[in-house]
Amino acid sequence: MNNYYCVMTFHSTYHALNFEKILKEFNYEVRLMPVPRQVSSSCGTAAEFQCEKKADILKICLDNHIEMDDIHRIENQKKNNWFVKLLNDKG
Amino acid sequence: MNTDKGKIIATGGIIGLFGALLVKFGNPVNMGVCVACFFRDIAGGLGLHRASVVQYLRPEISGFILGAFGMAKVKGEFKPRGGSSPLLRFILGFFLMIGALVFLGCPLRMILRLANGDLNAITGIIGYTAGIWVGIQFLKRGFTLGKSTTNSTAAGYTMPIFAVAILLLLVAAPTFIFFSESGPGSMAAPVTLALGAGLLIGALLQRTRLCTAGGFRDAMLIKDYHYMIGLIGIFVFALLGNVIFNFETFKIGFEGQPIAHNDHLWNFLGMSLAGITAVLLGGCPLRQTILAGEGDGDATITIIGLMAGAAFAHNFGLAASPAGVTTNGKVAVIIGIIVALAIGLSVIASVAKEKAARLKKREGGVEVGI
């Protein structure tokens with residue numbers, strides 16, 4: 001498994017749902033999720049996809065008039081803050 | 001992924017435990033933490049309404065705001081922003097409060113009520129879920145309040161400064177501030193404990209972004225259960241806390257529950273209104289409070305709407321009481337549902353119109369190019 005993934009953010013939930021629907025029609029793996037905190041602290045929906053497919057996906061979006069906000073690459077950091085340490089010690 | 005789950009459950013757990021502990025130390029029963037009730041009390045304390053039993057400057061609220069503010073500052077997430085349909089947010093916030101005060105509690109208190117055996121909360125949860133489902137139908141059809149833009153620093157500091165002002169007024173207690181001598185407003189945990197709990201909860205919620213509306217919305221809309229797990233954490237730990245600390249008030253049933261009524265239809269409709277408005281706003285009152293602490297001017301406007309709603313709710317006799325729901329309250333809930341639906345439909349129509357205009361312009365642009 002990669003230790004990074006890409007997310008697309010949108011201006012509205014409607015665009016996110018549209019993105020998911022159309023990309024699934026093209027057989028791409030897409031998963032909707034709450035916007036990761038690294039990206040923004042606002043309440044909203046983002047879509048996760050494989051970074052390798054970025055260029056193809058962007059083309060599909062442009063062809064199908066899907067409105068996007070931004071693409072972010074999220075690294076799965078090795079988490080070692082005090083809170084997680086505390087949980088791990090207990091668990 | 002598991003650490004994420006652990007964090008959200010722990011956050012919910014801490015909120016649930018403090019919900020029970022603050023009752024143990026003096027807050028009204030099932031009101032250890034209630035965002036709608038506390039803003040209503042603050043509106044009363046400031047004299048915006050004169051219901052003498054619900055007037056107090058709740059330090060928990062200042063804690064939520066300043067906790068979120070401090071954490072956002074430390075983590076570089078304090079961002080003054082705003083300009084996303086402020087007027088519509090004010091109106092939605094106003095009616096969210098009306099719905100909550102007819103049910104007698106915000107969605108968070110709904111969970112805490114259930115955790116103390118108040119089965120009326122189940123009717124509320126069904127109503128809240130129905131309202132969120134309706135809100136989702138609007139989201140699916142293009143509803144958005146629009147993108148916010150960066151604001152001046154002064155705008156971002158509005159809510160944190162309000163929070164400090166509330167604390168100063170609480171401590172100084174000038175004669176123009178109202179403090180209830182009886183009723184729920186007279187029952188309060190010690191200021192330091194309430195403020196400390198608020199600060200901790202505010203900081204944790206800033207990190208985890210737990211939101212009651214988000215929990216139900218994501219579970220239904222995108223089958224993501226991250227926040228829902230946190231809400232279950234609140235319920236489980238509040239239940240444990242109540243059994244351990246408040247066993248004398250723990251009672252399972254519909255009848256005679258503290259600061260509640262068992263008019264099922266209006267419990268359902270009150271929370272339906274709260275659900276629709278919370279989804280359209282993008283977050284429940286708790287989440288709005290945290291966002292306001294992070295410098296979000298749109299959340300600040302929503303909170304001003306909540307307080308205005310609370311003031312009107314008591315001035316016009318809209319708020320329910322353990323005696324039941326008033327006729328005025330019923331009319332206000334119906335008006336609120338109609339207004340929320342009208343706002344939803346109107347925004348969808350505007351968005352569709354804008355999109356059509358944009359596409360037309362794009363096609364027109366090609367012609368000009370030729």
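Guide: Pro174(B) is found in the loop between helix 8 (158-172) and helix 9 (191-208) of chain B; helices here are DSSP runs of H or I with at least four residues, strands are runs of E with at least two, and both are numbered from the N terminus. The model is predicted, so local features need pLDDT of at least 70 and side-chain atom pairs count only at pLDDT 80 or more, while totals for chains, interfaces and linings use all residues. Residues are numbered from 1 along each chain as its sequence is written, and chains are lettered from A and ligands numbered from 1 in the order in which they are written.

Pro174(B) counts as exposed because 7 other C-beta atoms lie within 10 Å.

Gly317(B), with a positive phi near 65 degrees, follows helix 14 of chain B. In that helix, 17 of the 19 residues are buried, so helix 14 of chain B is mostly covered. The helix covers residues 297-315, and at 1.5 Å a residue it should span 27 Å, which agrees with its end C-alpha atoms being 27 Å apart. The expected span is 1.5 Å times one less than the number of residues.

The next topic is the nonpolar core. A nonpolar core is a set of buried Ala, Val, Leu, Ile, Met, Phe, Trp, Tyr and Cys residues joined through C-beta atoms within 7 Å. The largest one has 136 residues, of which Ala36(B), Phe39(B), Met97(B), Ile98(B) and Leu101(B) touch the most other members. Helix 4 (residues 86-103) of chain B gives the most to this core, with 12 residues. Leaving aside residues up to four places away in sequence, Ala36(B) touches Met97(B), Ala100(B), Leu101(B), Gly105(B), Cys106(B), Pro285(B) and Leu306(B); contact requires C-beta atoms, placed from the backbone, within 7 Å.

Chain B also meets chain A, in a contact that takes 22 residues from chain B and 16 residues from chain A. Helix 1 of chain B gives the most to the side of chain B that touches chain A, with 4 residues.

Notes. Two residues are in contact if their C-beta atoms, placed from the backbone, lie within 7 Å. A residue is buried if 20 or more other C-beta atoms lie within 10 Å of its own, exposed if 12 or fewer, and partly exposed in between; C-beta atoms are placed from the backbone.
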